[in-house]
Amino acid sequence: FPSSFFLMIPHPPRSTLSSSSAASDVYKRQDKTGDTPLSEMVKQYLKEKYNKPGNVFIGVTHRLDRPVSGLVVFAKTSKALPRLNEMFRNGEVKKTYWAIVKECPKETEGELVHYLVRNEKQNKSYAYDKEVKNSKKAVLHYKLIGHSQNYYLLEVDLKTGRHHQIRCQLAKMGCPIKGLSLIHISEPTRRTPISYAVFCLKKKK
């Protein structure tokens, strides 16, 4: 979805958003695989489509985990970038996630509250029922919206934004996401996307 100020495109699973680790208000991360970042692909697309000379500006406004597919919003101008960042911070952009899980939750709808501890060396997060040392409170709301013979589709609304929060909390309640084991909840398989993220813009009141 293009406009004069932003570009909304699908995020393929296993792709990274940006190769830059520098971040002011923008969330960026360093990628060690050597894969071409999605942001660079978008720059090349705009350069060719509009015959732009020189460098093309693209601002990364948010992040998605590598194995997650969904929609990504890029700022097309330096003036649009801080405005989009502000919209994300103020909740004017609503993010809804879909996750395919292996087990049916006991309740078809509910709120999960856990305390997550991140292990940066392992790149994993661990969920606890009570507050522990170095933990951060994590809250999400889930709803069962569909199922097949073997899997169940949950719609997830994040109330907080913690490291690997969705996969960690769903696994803690006994519903690991497809492509993740119950124990190694931060290690998806290479072939399986683990969830799908959908974005919609909310109007200011």
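**Notes on the predicted model**

1. C168 is buried, because its relative accessibility is 1%; buried means under 20% relative accessible area, exposed over 50%, and partly exposed in between, with a 1.4 Å probe and protein chains only. C104, by contrast, has 37% relative accessibility and therefore counts as partly exposed.

2. On the basis of the note: this is a predicted model, in which local features need pLDDT of at least 70 and side-chain atom pairs count only at pLDDT 80 or more, while totals for chains, interfaces and linings use all residues. Residues are numbered from 1 along each chain as its sequence is written, and side-chain values use heavy atoms, with hydrogens and water left out.

3. The protein chain has three helices and nine strands, where helices (H or I, at least four residues) and strands (E, at least two) are DSSP runs numbered from the N terminus. Read from the N terminus, the order of elements is β-α-β-β-α-β-β-β-β-β-α-β. Of the 205 residues in the protein chain, 42% are buried.

4. How many disulfides does the structure hold? There are zero, a disulfide being a pair of cysteine sulfur atoms within 2.5 Å. For C104, the closest cysteine sulfur belongs to C175 and lies 7.1 Å away, which is too far for a bond. A disulfide is a covalent bond between the sulfur atoms of two cysteines.

5. The largest nonpolar core has 24 residues, and V42, F74, V156 and L170 have the most contacts inside it. Such a core is a set of buried Ala, Val, Leu, Ile, Met, Phe, Trp, Tyr and Cys residues joined through side-chain atoms within 4.5 Å. At least two residues of this core come from each of β1 (6-11), α1 (38-49), β3 (69-75), β4 (93-101), β7 (136-147), β8 (152-158) and α3 (165-172). A second, separate core comprises eleven residues, among them L81, L84, M87 and F88.

6. Strand β7 pairs with both β5 and β8; two strands pair if DSSP finds at least two bridges between them. Strand β5 (residues 109-119) runs antiparallel to β7 and is joined to it by eight bridges, with V113 opposite V139 in β7. Strands β7 and β8 are also antiparallel, with seven bridges, and they form a hairpin with four residues between them. Within this pairing, Y142 has V156 in β8 as its bridge partner. V156 is also listed among the residues with the most contacts inside the largest core.

7. G161 sits in the loop between β8 and α3. Is G161 buried or exposed? Its relative accessible area is 69%, so G161 is exposed. The C-alpha atoms of G161 and L140 are 9.2 Å apart in space, and the two residues are 21 apart in sequence.

8. The structure holds five salt bridges, each defined as a side-chain nitrogen of Lys or Arg within 4 Å of a carboxyl oxygen of Asp or Glu. Side chains of opposite charge can pair when their charged atoms come close. One of the salt bridges joins K43 and E40, at 3.5 Å from N to O. These two residues are three apart in helix α1, so about one helical turn separates them. K43 is partly exposed because its relative accessible area is 25%, and E40 is partly exposed at 32%.

9. D157 takes part in two of the salt bridges. With K94, the closest N and O atoms are 3.8 Å apart. This pair links distant parts of the chain, since K94 lies in strand β4 and D157 in strand β8, 63 residues apart. With K159, the N to O distance is 2.9 Å. K94 is partly exposed at 29% relative accessible area, and K159 is partly exposed at 48%.

10. On the surface, Y126, Y128 and V132 form a nonpolar patch with about 240 Å² of accessible area together. Patches are made of residues with over 30% relative accessible area and no salt bridge, like charges being joined within 9 Å and nonpolar side chains (Val, Leu, Ile, Met, Phe, Trp, Tyr) within 5 Å. Accessible areas come from the Shrake-Rupley method with a 1.4 Å probe, and for residues only the protein chains shown count as cover. Y126 belongs to strand β6 (residues 124-128), and its 32% relative accessibility makes it partly exposed.
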